[in-house]
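Welcome! Take a look at the model, then read on.

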Amino acid sequence: MEILFFIAFALSLLNLICAFVTKEIFFAGGWISYHENKSHFFAGLVTFIMFIFFYGGFYFFIFPSV
């Protein structure tokens, strides 16, 4: 199970790096551009920040021995 959470953490991190560099994020089945739809872009951005917090932070740092 740890490997699945780590993969989800890594993919979320890569998606966020791509979002900051190219201003496009992969969310809800497609690429969303910041310039075309800002509300959906920020929804995807917040979602992947939460994925990183919950998958990476909670599972690996806050509760590592559970």
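**A first tour of the model**

Valine 21 is exposed, because its relative accessible area is 65%, over the 50% cut-off for that label. Please keep in mind that this is a predicted model. Valine 21 belongs to helix H1, which covers residues 2–22, and that helix is a handy place to begin.

**The overall picture**

- The protein has two helices and two strands.
- If you follow the sequence, these elements come in the pattern α-β-β-α.
- Of the 66 residues in the protein, 21% are buried.
- The protein has an accessible surface of about 4,800 Å², and carbon and sulfur atoms account for 75% of that surface.
- Taking contacts between residues at least 6 apart in sequence, 41% link residues at least 24 apart.

**Helix H1, inside: leucine 16**

- Helix H1 also holds leucine 16.
- Is leucine 16 buried or exposed? Leucine 16 is buried, because its relative accessibility is 7%, and the label applies under 20%.
- Setting aside neighbours within four places in sequence, leucine 16 makes contact with Leu45, Phe48, Ile49 and Ile52.
- Glycine 44 is 28 residues from leucine 16 in sequence, yet their C-alpha atoms are 9.2 Å apart in space.

**Strand E2: serine 33**

- Strand E2 spans residues 30–33, and serine 33 is part of this strand.
- Serine 33 counts as buried because its relative accessibility is 11%, which also falls under the 20% cut-off.
- Where does a polar atom of the serine 33 side chain lie 3.3 Å from a backbone nitrogen? That nitrogen belongs to histidine 35.
- Beyond residues up to four places away in sequence, serine 33 touches Lys23, Glu24 and Phe41.

**To take away**

- Helix H1 carries both exposed valine 21 and buried leucine 16.
- Serine 33 in strand E2 is another buried residue to look for in the model.

Methods:
Residues numbered from 1 in each chain as written. Predicted model: local features only at pLDDT ≥ 70, side-chain atom pairs only at ≥ 80, totals over all residues. Heavy atoms only, no water. Helix = DSSP H or I, 4+ residues; strand = E, 2+ residues; numbered from the N terminus. Buried < 20%, exposed > 50% of the residue type's maximum accessible area, 1.4 Å probe, protein only. Polar contact = N/O pair within 3.5 Å; in protein donor to acceptor, adjacent residues only side chain to side chain. Contact = heavy atoms within 4.5 Å. Areas by Shrake-Rupley, 256 points an atom, 1.4 Å probe, with all protein chains shown as cover.
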